Amino acid sequence: MPKPFTKLSAIAAPIMRSNVDTDVVIRIERLVGTSVRGTLGKWAFGSLRYLPDGSENPEFILNREPYRQAEILITGPNFGCGSSREGAVWSLQELGIRAIIGSGFGDIFFANCFQNGILPIVVDKVIVDGLAAEVESTQGAGRVSVDLEEQTITSPSGQRHSFEIDPRRRAGLLKGLDEVALTLQRDAEIRAFQAADRIERPWIHFAGKSA
Amino acid sequence: MEKRGRTLLAKIWDQHVIAHVSDDTDLLHVDRHLLHDLGGSRGLLDLKSRNLPVHDPELTFATPDHAISSARGRAGTSKTGQELLEGLRVETSASGIAMFDIDEPGQGIVHVIGPELGLSLPGCLIVCGDSHTCTHGGLGALAFGIGSSELTHVLATQSLIQRRPKTMRVKFEGRLSSGVTAKDLILALIGHVGAAGGTGYAVEYAGSAIRDMPIEGRLTICNLSIELGAKMGMIAPDEKTYEYIRGRRYAPQGEMWQRAVEAWRQLPSDPDAVFDREVVIDVETIIPQVTWGISPEHVVGVDGYVPDPAEIADPARRAAIETAIDYMGLKPGAPIIGTPVDWVFIGSCTNSRLSDLRAAAEIARGRKVAPGVRAWVVPGSETIKREAAAEGLDKLFTDAGFEWREPGCSMCLAANGEIVAPGQRSVSTSNRNFIGRQGPRARTHLASPATAAASAISGAIADVRTMER
């Protein structure tokens, strides 16, 4: 069950390159295992964060202060594209990330964020670029605030921007709702649909087949 | 009320609505849920820990593909890979879910076996914890990848809450030139609209080139939808679709078949249906494609050049191209053809079907893989492996110096220890050229099976049109 998200004021790290895919967020071999959760934070952005000899890449933003403390990512276009691996979100969560602000996200990654109590915010690229520039001009010290109830982002200098969010997802994050439990409350509707569908599309339900 | 034509997406979507959740969000019924070794047992264990049963085990099917080795006897499957396989066996069996195990017909890459077994049908809503689930859209299904949490939701409820996507229609018009395949068309489209061009959309592929295209090509087209950002890609079913499905193991039969086909004939988008975005591609201008960079949108015709950052004014774009060229170890402005390769990988849910293997074999026949190149052929399923062998393709490939492997995802995502070594360069028929996708610091060029085979023979990225017979 996801942790509720209401508001946050935190260090924000800009990662502005385009098309940062979920393979780059977390390599697949870190996800091969029966219980990988809790082991992933160390490996988030591994291919950018570490040099071939395993040492930290001092150039990478999350290896620098104060960005090591970042709880917000400011991201370039199409962040989280590619693979559906939810491990990408888990690894960011374990790294301490709670919100991501970008001009667009991979659709599956975007959905996975909400499932884990991480707030992905889509705003115009001009706003994203402006936030990144402001944060960089303070060497990362300037905090970015996110208020989900009011649907606003506040930049380090106090500029406020509002953002849109699906009301259902907003409510889910604010309360930390368990979607499985909620849907199971509608099980009678699901079973009624299936009963009608067995008549309408019997082949979907393998009617008359012993398979 | 204005009566407007409906799209293929709208028809399938509406059929699956259990309940409206909000204006644009619905609780949808899932007709087919496919599980694989990487996330399948984890989802089932998650359910168990919540004391919940699988809602509809008879609509759920499993096979190992991601973490198993493609070596003979599956030697080389890691200890954790073996544990995941064992977990899938135990948990599917405990829940009454059919599993197609290694060495059995039915096993294979999950997006290859769904169509092959007749599980994936027109009008069907199919999900799987894998982003290339869009592949099944090639049969006129609404199919998309989901994450682990959604996977658990589907196991527990046989349903999913989804926001209705926008619609995009891509028309591929004209006849394919020599040496050009479905893979080249879809790579060219990604180059045209970009890796985020389809984000938020369900894409319907149409036009004369799609109508003329065999089903396996349509599956390849839909497979790469996610690489243009669209989690759903689909093609209206037609006579070719029905012919492909008829008689398959799980396909409806007899009177049920007639009823199903009758229903499927109603699915294609109405002539007056309106799409949120339309793109038209003249396929006659497309030549064999190959990627040069670290996103599928970094693609050129095989006669093209690596871009020169010095010629790009926009600083963000210039920096992105510099990063890609640096990672790929290429020279700005150099021709892509003739770039020496170390590896060739023919396989994956994109291009491992029988017609893909035949196209590669046609180029490989009577020739030899260049010295210093390792070339693998990994059939998409146990059935394809057997069918190919019955045609003698296994021997043809091994005679030419290719390695003939056991079915699975293998080197496409390198979750099974099968990797391209750091700094080495591969021409791959798979779907992603991301940083480290085929192994840490591996360099991947995406191309069609014919181009991959031609490159294996040449020892460098090659123009298949000069090697056709």
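This is a predicted model: local features need pLDDT of at least 70, side-chain atom pairs count only at pLDDT 80 or more; totals for chains, interfaces and linings use all residues.
**Confidence**

I began with the scores. The predictor gives the complex an ipTM of 0.96 and a pTM of 0.97. For chain B the average pLDDT is 97, and 99% of the residues score at least 70.

**Chain A, overall**

I found 8 helices and 8 strands in chain A. The C-alpha trace of chain A spans about 65 × 45 × 25 Å along its principal axes. Of its 211 residues, 42% count as buried.

The domain assignment divides chain A into domain 1 (7-175) and domain 2 (178-206). I noted a separation of 36 Å between the C-alpha centres of domain 1 and domain 2 of chain A.

**Chain A, the antiparallel sheet**

I traced an open sheet of 4 strands in chain A, with the order S1-S6-S7-S8 and antiparallel pairing. Strand S1 (7-10) and strand S8 (160-162) of chain A are the edge strands, each pairing on one side only. On average, neighbouring strands of this sheet are turned by 15° against each other, direction ignored.

I then looked at one pair within the sheet. S1(A) and strand S6 (residues 144-147) of chain A run antiparallel and are joined by 4 bridges. In this pair I located Lys7(A) opposite Asp147(A) of S6(A).

**Chain A, the parallel sheet**

Another open sheet in chain A has 4 strands in the order S2-S3-S4-S5, with parallel pairing. Why is one side of strand S2 (12-15) and of strand S5 (119-122) of chain A left without a neighbour in the sheet? Both stand at the edges with a single partner strand each, so one side of each has no neighbour there. Neighbouring strands of this sheet are turned by 20° against each other on average, direction ignored.

Inside this sheet I followed strand S3 (residues 72-75) and strand S4 (residues 99-102) of chain A, which run parallel and are joined by 4 bridges. Thr75(A) has Gly102(A) in S4(A) as its bridge partner.

I moved to chain B and took strand S7 (residues 142-145). Leu142(B) and Phe144(B) point one way from S7(B), while Ala143(B) and Gly145(B) point the other way. In a regular strand the side chains alternate between the two faces of the sheet. Are these four residues of S7(B) buried or exposed? I found all of them buried.

Strand S6 (residues 125-128) of chain B pairs with S7(B) in the parallel sense over 4 bridges. Cys128(B) stands opposite Gly145(B) of S7(B).

**Chain B, helix H15**

I checked the burial of helix H15 (residues 449-458) of chain B, and 10 of its 10 residues are buried. Among them are Pro449(B), Thr451(B), Ile457(B) and Ser458(B). What covers the buried residues of H15(B)? The cover includes strand S13 (289-291), strand S15 (343-346), helix H12 (354-364), strand S16 (374-377) and strand S18 (425-428) of chain B. Just after H15(B), I noted a positive phi of about 75° at Gly459(B).

**Chain B, Trp257**

Trp257(B) lies in helix H10 (residues 254-264) of chain B. I classed Trp257(B) as partly exposed, because 16 other C-beta atoms lie within 10 Å, and the class falls between the buried cut-off of 20 or more and the exposed cut-off of 12 or fewer. Leaving aside neighbours within four places in sequence, Trp257(B) is in contact with Arg246(B) and Pro252(B). I also looked up Arg386(B), 129 residues from Trp257(B) along the chain; their C-alpha atoms are separated by 27 Å.

**The interface**

Last, I looked at where the chains meet. I found 59 residues of chain B in contact with 47 residues of chain A. Several elements of chain B each supply at least two residues of the side that touches chain A, including strand S1 (17-22), strand S2 (25-29), helix H3 (79-95), H10 and helix H11 (315-328). Which element gives the largest share of the side of chain B that touches chain A? H5(B) does, with 7 residues. By type, the residues on that side of chain B divide into 25 nonpolar, 23 polar and 11 charged.

Terms used:
Residues are numbered from 1 along each chain as its sequence is written. Chains are lettered from A and ligands numbered from 1 in the order in which they are written. Two strands pair if DSSP finds at least two bridges between them. Two residues are in contact if their C-beta atoms, placed from the backbone, lie within 7 Å. Axes are lines fitted to C-alpha atoms, for helices over the stretch in contact, and angles run from 0 to 180 degrees between N-to-C directions. Ala, Val, Leu, Ile, Met, Phe, Trp, Tyr, Cys and Pro count as nonpolar, Asp, Glu, Lys and Arg as charged, and the others, Gly among them, as polar. Domain bounds come from an automatic or database domain assignment. pLDDT is the predictor's confidence in each residue, from 0 to 100.
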